[in-house]
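Thanks for coming. I have one structure to go through today, so please look at the screen and keep the sequence in view while I talk.

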Amino acid sequence: MKYEKMVLLLAALCAACSGSGEEHPTAGRSVAAPSEIAVERLGNTTVRLTWQDNSDNETGFSVWVRDADDIDRTSEVGRVGADVTEFTISSGLQEGRYYYLVVKAEGAADELSS
């Protein structure tokens with residue numbers, strides 16, 4: 001298969017910070033960003049992301065896709081629970097396009113604002 005036909009991906013990462021709130025034991029503590037994000041191609045438009053969980057106080061992770069040619073085309077494609085370190089994207093990607101993939105650690109403050 002020719003490389004120009006593959007889905008081309010760029011991985012990125014970011015972290016969320018939990019806000020203040022007395023009812024949450026993790027409030028006020030930052031949620032550490034995941035690291036070592038890796039992308040494994042499973043098919044023409046299917047990829048598996050894996051990452052290192054660097055936090056002990058996240059409530060989960062969200063996975064986002066941003067089109068490299070159109071930054072206004074950004075969407076959340078999934079969520080996983082705390083301590084989960086992989087996610088498979090099996091729809092929404094187009095062959096031959098570039099994407100930024102973001103894994104975001106979520107904290108208690110993020111859950112309250114959703």
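The protein chain exposes about 6500 Å², and carbon and sulfur atoms supply 47% of that area. Accessible areas here come from the Shrake-Rupley method with a 1.4 Å probe, and for residues only the protein chains shown count as cover.

Some ground rules. This is a predicted model, where local features need pLDDT of at least 70 and side-chain atom pairs count only at pLDDT 80 or more, while totals for chains, interfaces and linings use all residues. Residues are numbered from 1 along each chain as its sequence is written, and side-chain values use heavy atoms, with hydrogens and water left out.

Next, confidence. pLDDT is the predictor's confidence in each residue, from 0 to 100. The mean for the protein chain is 80, and 69% of its residues reach 70 or more. Confidence is lowest in strand S1, residues 8-15, at a mean of 50, and highest in S6, at 98. Over residues 1-6 the pLDDT is below 50, and this stretch has 11 contacts in the model beyond near neighbours in sequence. Residues 13-26 are also below 50, with 44 contacts counted the same way. A contact means heavy atoms within 4.5 Å. Where pLDDT is low, the predicted coordinates should not be read in detail.

Now the overall layout. The protein chain has one helix and seven strands, and from the N terminus the order is β-β-β-β-β-β-β-α. Helices (H or I, at least four residues) and strands (E, at least two) are DSSP runs, numbered from the N terminus. Of the contacts in the protein chain with a separation of 6 or more, 62% are between residues 24 or more positions apart.

How do S2 and S3 run relative to each other, parallel or antiparallel? They run antiparallel, joined by five bridges; two strands pair if DSSP finds at least two bridges between them. The hairpin that joins S2 to S3 passes through five residues. One of the bridge pairs is Ala 38 with Thr 50 in S3.

In the loop between S2 and S3 we find Asn 44. Its side chain makes a polar contact with the side chain of Arg 41, at 2.9 Å. A polar contact is a pair of N or O atoms within 3.5 Å; within protein, one must be able to donate a hydrogen and the other to accept it, and residues adjacent in sequence count only if both atoms are side-chain atoms. Asn 44 is partly exposed, at 31% relative accessibility. Buried means under 20% relative accessible area, exposed over 50%, and partly exposed in between, with a 1.4 Å probe and protein chains only.

On to the interior. Of the 114 residues, 32% count as buried. Which residues have the most contacts inside the largest nonpolar core? They are Leu 49, Trp 51 and Ile 89, in a core of 16 residues. Strands S3 (47-52), S4 (60-67), S6 (86-89) and S7 (98-106) each supply at least two of its residues, and S7 gives the most, with four. A nonpolar core is a set of buried Ala, Val, Leu, Ile, Met, Phe, Trp, Tyr and Cys residues joined through side-chain atoms within 4.5 Å.

Take Trp 51, in strand S3. Trp 51 is buried, with a relative accessible area of 6%. Leaving out residues up to four places away in sequence, the residues touched by Trp 51 include Pro 34, Phe 61, Val 80 and Val 103. The C-alpha atoms of Trp 51 and Ile 37 are 4.3 Å apart, although 14 residues separate them along the chain. A polar atom of the Trp 51 side chain lies 3.4 Å from the backbone oxygen of Val 84.

Asp 53 sits in the loop between S3 and S4. Asp 53 counts as buried, at 16% relative accessibility. Its side chain reaches the backbone nitrogen of Ser 55 at 3.0 Å. Beyond neighbours within four places in sequence, Asp 53 is in contact with Glu 58, Phe 61, Asp 83 and Thr 85.

That brings in Asp 83, in the loop between strand S5 (70-81) and S6. Asp 83 is exposed, at 58% relative accessible area. Its phi is near 70°, a positive value in a residue other than glycine. Glu 36, in strand S2 (residues 35-41), also has a positive phi, near 50°. Glu 36 is exposed too, with a relative accessible area of 62%.
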